Each structure stands twice: as C-alpha cells, then as structure tokens.
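Have a look at the sequence and the structure first, then read on.

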Amino acid sequence: MKNTWLAALLLTFGANLPAQAQNPIIRDVFTADPAPLVYRDTLFLYTSHDTASVQETNYKMPDWRIYSTTDMVHWKDYGKRLSPRTFAWATGDAYATQCVYRNGKFYWFVSTFHKKDDNSQGGAAIGVAVSDRPTGPFKDAIGKALIVNEMTKDKPHAWDDIDPTVFVDDDQQAYLYWGNLSCRWVKLKDNMTELAGPIHVIKPKNYIEGPWVYKRKKLYYLVYASEGTKPEMIEYCTAPSATGPWTYRGIIQENSPNSFTTHPGIIDYKGKSYFFYHNGALPTGGSYRRSICVDYLTYNPDGTIQKIVQTTQGVAPAK
Ligand code: CA
C-alpha cells in the first residue's frame, strides 16, 4: 500500500513533469465554452470566464479570455481580451463564443445581452468583434448586434439567441449557427458582418445549445450540448452539406463531472483530433465555476465519432 502511494506520488510529482497535461488544462481561473482555432503553427483557445463565488447560484461571466499552445501541454495566457463593454449596445454576461479566421482578419462571434434600445427590447444577442491578430486587440466589427432576440421568434424566451458557431466552407461561403432550445443557421456575406439570407430553424435530436459545426473529409458535423439525462451531454449529426439534411449520429460525450452544462470545441492539430469541453472538476468548482479540459477525439473509418473518454491526465505532448 505504501509503495502504491509512493508510486502515485511519483506519478503526480515526478521529475518528468509535464510529460502529460492535466485536465482541467486551465487551473488558476474558471473557464468555460472552449473555442479552439488553429492559425499557422499555433492553437489558440477562446474561452468564457466564470467568476461566480462558491455560494452564488447563477452565472457571473464578465469577459472572454484567450490562451495558446504549440504542444497541447503548455498554455500561454493572454488574459481578458474582450468583454461585453467592447460593444456599446451590450450589457450583462459574456456567454459562449467562437473566433474564426477569414481574409486576413479574425472574427470573434460572441453571445451576450442587448440593452433596451431602438434595435432590440433586450435579451440575448450575438455580436462580432474583429482584429488583425488572433489575440487582438478586438473592436466591434459592426457597431450593432448581428443577431437580436426579435429576429428569431420560434422560441419565446429572451435568451434563445446565444452560442454562435461559424463555419466557412470550401467555396468560401460562411455560415452562422446558434441557439438555445432551437438550432438556427443563416448564411453570412463575405464581410462576415452581414446576413446573406433568411434564418432557418433545424431540429437536431435532443438539441439544447452550444453548436459546433465543421467539415472533415466530405462530411459536415453539427455537434451540440444535448438533453442527456438532464446534466448536458454532447450529441451530434452529420450531413452531406453545410445546409443539411442532418442525420442524427448519437451521443459522443456523457455527463461531465460536477457541471450541468458542457460545450464542444473540436479541432485537428499536428495530426491529431481534439475534443475540448468543460466540467466542474477543480476544487470549489461547479456549474457556475467551470473548467476547460481537452481529450482525444477518434473517428471511425466511416467518419462517425467514437465516445469521448474523459481523462484527468489529458493529452500527450503534440509534436
Ligand atoms: Ca429570439
């Protein structure tokens, strides 16, 4: 027993650290809603930021943060790089985001809340910040929200227009997908800051929120936080095009420890596929004090995704 204890200690604090990363990967602050982006040789990670106290029973999310890595083990912290205060029309919490690269610029699509004004009566809204660099500084790309609550009416609640994911197809057509309790999509113009058509509503099985859309080989993937057993799980659909039709493919991630929500962020980097998510596993963590993790994502030969194995040791260094 003593030897086992010693072996565990050596494994944890051994001289070879950090041979492996540890989940959660960010341990000094609480982070959520991971959105990875690979630009040149670096993986950038855009995150939400939980600052609720242990006693609080709702989200307190003041800003968005950026991290980067070149080996999946060592993470550089760029700190707070954007907040709802950047958007003159916004107020309230900083919800999930995704940053994408297009035509030499970085477009950071965010979900937050709208002040009551001529453009909206309030509620959740989606904005776009832009920068010449992946780490900013970012400014409001439009000067107003891209999506306001009034633009979608198929759900009555005021916070349905959250969780943007943006996908740029091989033909350079960009698509925005988003929504809570309802998944919507719309084409974007080449400038990434205007809608290029009507808003469509789709109904992926068990869909709750947090969509993540991408393409691999000839298959399009729509991965999302789902009903699960009440704490959210991650389920997904695939399609032959960015506009569907989407076929349900099943659960890829079961509940994540100590967190009601979870959020997918999927990317290939240095020859491997990674699945970012969040849980409440840090000491004093929970549903409002979440932490980002990363584990491997494995595809079957037919393009379907194997169940994610959530680990505490995380992934090996990428070369
Ligand atoms: Ca709405």
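## Aromatic rings at a glance

Let's start with Phe 44, which is buried, with a relative accessible area of 7%. Keep in mind that this is a predicted model. Across the structure, the count comes to 21 aromatic pairs, and a few of them are picked out below.

**Phe 44 and Tyr 78**
- The ring centres of Phe 44 and Tyr 78 are 6.5 Å apart and their planes meet at 40°, so this pair counts as tilted.
- Tyr 78 is partly exposed, at a relative accessible area of 25%, whereas Phe 44 is buried at 7%.

**Tyr 221 and Tyr 299**
- With centres 5.7 Å apart and planes at 65°, the rings of Tyr 221 and Tyr 299 make an edge-to-face pair, because planes over 60 degrees apart fall in that class.
- Here too, distant parts of the chain are linked: Tyr 221 and Tyr 299 are 78 residues apart.
- You'll find Tyr 221 in strand S15 (residues 219-226), and Tyr 299 in the segment after strand S20 (291-296).
- Both Tyr 221 and Tyr 299 are buried.

**A ring cluster**
- Tyr 46, Trp 64, Trp 108 and Phe 138 are joined into a cluster by ring pairs.

Note on methods: Residues are numbered from 1 along each chain as its sequence is written. This is a predicted model: local features need pLDDT of at least 70, side-chain atom pairs count only at pLDDT 80 or more; totals for chains, interfaces and linings use all residues. Side-chain values use heavy atoms; hydrogens and water are left out. Rings of Phe, Tyr and Trp (its six-membered ring) pair if their centres lie within 6.5 Å; planes under 30 degrees apart count as stacked, over 60 as edge-to-face and the rest as tilted. Buried means under 20% relative accessible area, exposed over 50%, partly exposed in between (1.4 Å probe, protein chains only). Helices (H or I, at least four residues) and strands (E, at least two) are DSSP runs, numbered from the N terminus.
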